[in-house]
Amino acid sequence: MSMFFDLLGGLLLVCGAAFLLFGGLGLVRMPDLFNRIQAGTKATTLGTLLTLAGVVCLRPEWGFKLLLIGLFILFTNPISSQVLARAAHRSGTKMSDKTCVDKLEEDFGEKP
Amino acid sequence: MAEVFIYIAAAIVGVALLLALYRFVKGPSDADRVVAFDVLTIISISAIVLAAFVEGRGIYLDVALVYALLSFLGVIAVARYLERGF
């Protein structure tokens with residue numbers, strides 16, 4: 001049974017690290033700021049949660065603190081990315097040429 | 001057997017940190033740098049938790065929690081500054 005949890009925890013750790021890598025890769029490869037926010041924050045949130053779950057499988061006695069960290073990341077990460085995107089939109093960041101819809105400008109008349 | 005997975009995961013997290021650091025250094029605008037900083041701190045939390053597991057010290061988890069809290073406040077403050085400025 002301990003062997004099973006070792007294997008599960010290790011696989012979760014590697015999966016989480018791979019999602020973190022994809023987040024970093026998206027941060028480098030995406031064309032404009034809003035796509036970078038999209039790629040960076042979503043993928044890294046899932047990657048961090050998977051990494052924490054993997055450590056919980058390997059060290060069950062740390063479960064409560066890891067659960068606290070996971071909940072905190074799950075609640076604060078979308079807030080910070082949304083505030084960043086709104087601030088960038090209001091301060092006039094240019095979108096990429098392939099972007100064809102801007103709902104914030106349509107609804108509130110805020111020029112990007 | 002878990003050690004092998006830990007070291008593979010630590011190597012991948014290191015590469016992710018380097019990619020985010022590249023965007024942090026190169027980023028054309030200030031907002032790009034703030035996004036890169038946000039991603040860097042989130043990846044660093046995973047790195048701190050991995051370090052806590054390798055060292056076997058539970059006290060590092062408190063460091064990760066406080067780091068998450070301070071980085072969230074920092075990103076919110078800089079976003080407020082960006083919104084007001086320019």
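First, the ground rules. Residues count from 1 along each chain as its sequence is written, and chains are lettered from A, with ligands numbered from 1, in the order in which they are written. Because the model is predicted, local features need pLDDT of at least 70 and side-chain atom pairs pLDDT 80 or more, while totals for chains, interfaces and linings use all residues; side-chain values use heavy atoms, leaving out hydrogens and water.

Start with helix α1 of chain A, residues 2-29. Helices here are DSSP runs of H or I, at least four residues, numbered from the N terminus. The expected span is 1.5 Å times one less than the number of residues. For these 28 residues that gives 40 Å, and the end C-alpha atoms are 40 Å apart, so the two agree.

Which residues of α1(A) are buried? Buried means under 20% relative accessible area, exposed over 50%, partly exposed in between, with a 1.4 Å probe and protein chains only. The list includes G9(A), G10(A), L13(A), G16(A) and A17(A). What do they pack against? Helix α2 (33-58) of chain A, plus α1 (2-26) and α2 (30-55) of chain B.

Now the interface. Contact means heavy atoms within 4.5 Å. On chain A's side, L27(A), W62(A) and L84(A) supply 15% of the area buried against chain B, more than any other three residues.

There are 4 salt bridges across the interface. The rule asks for a side-chain nitrogen of Lys or Arg within 4 Å of a carboxyl oxygen of Asp or Glu. One joins K65(A) to D62(B), at 3.3 Å, N to O.

Next, a pair of residues that touch. D38(B) sits in helix α2 of chain B. Its relative accessible area is 5%, so D38(B) is buried. Beyond its neighbours within four places in sequence, D38(B) contacts T41(A), N77(A), S80(A), L84(A) and V75(B).

S80(A) is in helix α3 of chain A. At 2% relative accessibility, S80(A) is buried. Besides D38(B), S80(A) touches F72(B), V75(B) and I76(B), not counting residues up to four places away in sequence.

Last, L67(A). Buried or exposed? Exposed, because its relative accessibility is 52%. L67(A) lies in helix α3 (residues 63-90) of chain A.

Notes
Helices (H or I, at least four residues) and strands (E, at least two) are DSSP runs, numbered from the N terminus. Buried area is the accessible area (1.4 Å probe) that two parts lose on being put together, summed over both.
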